[in-house]
There are 2 protein chains.
Amino acid sequence: MSVLIVGTTALDSIKTPTRENPRLLGGSASHAAVAASFFSPVQLVGGVGEDFPKKYLALYRKHGIDVAGLQILPGKTFHWSGEYEVNMNHRRTLTTELGVIETFQPKLPAAYQDAPFVLLANIAPALQLSVLDQMRKPRFVVADSMDLWINIALAELLRLLKRVDGFVLNDSEAQLLTKEENIFRALKKLHQLGPKYVIIKQGSHGSILSGPKGQFLCPAYPLHLVEDPTGAGDTFVGGLMGYLASAKGSIDANIRRAMVYGSVTASFCCEGFGVNATTKVKRAEIEKRVKELEALTRF
Amino acid sequence: MSVLIVGTTALDSIKTPTRENPRLLGGSASHAAVAASFFSPVQLVGGVGEDFPKKYLALYRKHGIDVAGLQILPGKTFHWSGEYEVNMNHRRTLTTELGVIETFQPKLPAAYQDAPFVLLANIAPALQLSVLDQMRKPRFVVADSMDLWINIALAELLRLLKRVDGFVLNDSEAQLLTKEENIFRALKKLHQLGPKYVIIKQGSHGSILSGPKGQFLCPAYPLHLVEDPTGAGDTFVGGLMGYLASAKGSIDANIRRAMVYGSVTASFCCEGFGVNATTKVKRAEIEKRVKELEALTRF
């Protein structure tokens, strides 16, 4: 089954202690769409400027991503630049040029409105709501977000959370939103905001699912070298939704493995700048790391 | 089989944002011995002062811990006091009064010298070496340490590491000792220092084993409330060694489950001040949490 993904489609200029890479393909929807494409057909919703490189459109198409919902708007593509510290755990935003994303309004092609799986990747909650308003009757809707929206668009975010099945956020965002230091107490409060499934990302420490069938501690794949973690969280949730859409059976029967597939896809993302490493992965390499994670956690 | 445990036997005065508890039973050997006692007979090696409360000797005995190797020395018991921040992840030492620990020299009773399992819990590496020198032919020796010894007794610590089978330390200590930010690269360097088995503790994120049969990602039990994490690392390694000494078969066949038992025992430690919660645990409660961890990580 197909996955509809809305989010930012951007150009990222990324500096790490060892390298600098300008104007890479970035944005939450780009990372998530490439990740999901390994498992399921993807329908992309986003907005880019007239400066958006043709090679990036070709890259989406190489992954079989449907770009009928990608608007090319007058103006410049959203451009983010940032810098990582030595330990890769802290990043500093250098510049944010919103460009066309400032006025972008998602418009779903008719063929998108019946997508059974919907990923509202990180973008303003008002736009995530607008996509939901245009859907007929999706089977499973997951939203991602970020600290910015918790700080400046909390009312819309809370409205959104009442309408989604799943919510994905990282540990510091969970603490910010619930005012709870303890992650397991935070999970309880997050469910009270609406979502049946809550997933808290913890970077290299893995992620935690809380759902109707209890909790799942999902491991991160051990990486000896992290080249650039930008987009790893988007890749995780993209891989998760792509795998879920491809799997037969109930959500509960598949969501744990879906998280592991998301986690493994995100591990490849970290091994190159932007989507450079993810885009080169073969499905067999993903399967190999999933098997390795099984062996790494069995007792 | 029995486990010999050497380390500090101390009094801890602990302040958390909600409570304050003076002169609790503490020290690496106390926590580790109580934890190990759930699984195997324990032989304790340590030194306390004449002020050491009789009720704490009774507590050791209640756990069947052999205290023939516990010296009662003229002077005061080692006393540590510290304070935790709101999130329980950072603690500040308020005072350290070494007392009798300053001149303590471990002397092993004859009956201790054949112990098959030896845990050199956190104490000066020179004292850990002195215990090893008094052992006949132990089957499995594990050492714990801390940042202090890396900073002030590195030569002794490095000598010790050439003589142990296993080394347990936390992530920041691994980084300090190897000058490697990446935990998996740090593991490689730690093996080069001698130990066949290296375990890196990551607090609420669990722990990582690297050994001859590859790596194991050991989960931490999800806790909704952490009352006092003091001694959790000592409890982890104590439980681990106690379980290993109780299990039939090779070290490699048992060490993963041993880590899980250590992790679960440490989760109880965090739920009370000092050893208050650990000491009340029933074996059935440990088994229940081990089963829960299996369910929490299966995919």
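**Salt bridges and a shared surface**

Modeller: Let's start with A:Asp144 and A:Lys201, whose side chains meet in a salt bridge, 3.5 Å from N to O. Keep in mind that this is a predicted model.

Colleague: Why is A:Asp144 called buried?

Modeller: Buried means under 20% relative accessible area. A:Asp144 has 2%, so it is buried. A:Lys201 has 14%, so it is buried as well.

Colleague: And which residues does A:Gly233 touch, leaving out those up to four places away in sequence?

Modeller: A:Gly233 touches A:Asp144 and A:Lys201, the two partners of that bridge. A:Gly233 itself is in helix α8 of chain A.

Colleague: What makes A:Gly233 partly exposed?

Modeller: Partly exposed is what lies between the 20% limit for buried and the 50% limit for exposed. A:Gly233 has a relative accessible area of 24%, so it falls in that middle class.

Colleague: How do you know that A:Lys189 and A:Glu180 form a salt bridge?

Modeller: Go back to the 4 Å limit. Their side chains come to 3.6 Å, N to O, so they qualify. A:Arg185 joins in too: A:Glu180, A:Arg185 and A:Lys189 are linked in a network of salt bridges. At 14%, A:Glu180 is buried, while A:Lys189, at 34%, is partly exposed.

Colleague: What makes B:Glu227 and B:Arg19 a link between distant parts of the chain?

Modeller: B:Glu227 is in the loop between β13 and α8 of chain B, B:Arg19 is in the loop between β2 and β3, and they are 208 residues apart. B:Glu227 is buried at 15%, and B:Arg19 is partly exposed at 48%.

Colleague: How many salt bridges are there over all chains, then?

Modeller: The search of the whole structure finds 24. Between chain B and chain A, though, the count is 0.

Colleague: How many residue pairs are in polar contact between chain B and chain A?

Modeller: There are 12, with both residues at pLDDT 80 or more. The contact takes 27 residues from chain B and 28 from chain A, and the buried area is about 2,600 Å², with carbon and sulfur atoms giving 61% of it. In chain B, B:Leu217, B:His224 and B:Phe299 lose the most area to chain A, together 29% of what that side buries.

Colleague: How do you know that the two copies are related as by a two-fold rotation axis?

Modeller: Chain B can be laid on chain A by a turn of 180° and a shift of 0.0 Å along the axis, with an RMSD of 0.0 Å. The copies are therefore related as by a two-fold axis. Of the residues of chain B, B:His205 comes closest to that axis, at 3.1 Å for its C-alpha. The same surface serves both copies, since 100% of the contact residues of chain B recur in chain A.

Colleague: One last thing: what makes the phi of A:Lys179 worth a look?

Modeller: Most residues other than glycine have a negative phi. Phi of A:Lys179 is positive, near 60°, and phi of B:Lys179 is near 60° too. A:Lys179 is in the loop between α6 and α7 of chain A.

Colleague: And why are A:Lys179 and B:Lys179 called exposed?

Modeller: Exposed means over 50%. A:Lys179 has 70%, so it is exposed, and B:Lys179, at 69%, is exposed too.

Technical notes:
Residues are numbered from 1 along each chain as its sequence is written. Chains are lettered from A and ligands numbered from 1 in the order in which they are written. Side-chain values use heavy atoms; hydrogens and water are left out. Contact means heavy atoms within 4.5 Å. Buried area is the accessible area (1.4 Å probe) that two parts lose on being put together, summed over both. A polar contact is a pair of N or O atoms within 3.5 Å; within protein, one must be able to donate a hydrogen and the other to accept it, and residues adjacent in sequence count only if both atoms are side-chain atoms. Copies are superposed by least squares on the C-alpha atoms of residues with pLDDT of at least 70 in both. Helices (H or I, at least four residues) and strands (E, at least two) are DSSP runs, numbered from the N terminus. Buried means under 20% relative accessible area, exposed over 50%, partly exposed in between (1.4 Å probe, protein chains only).
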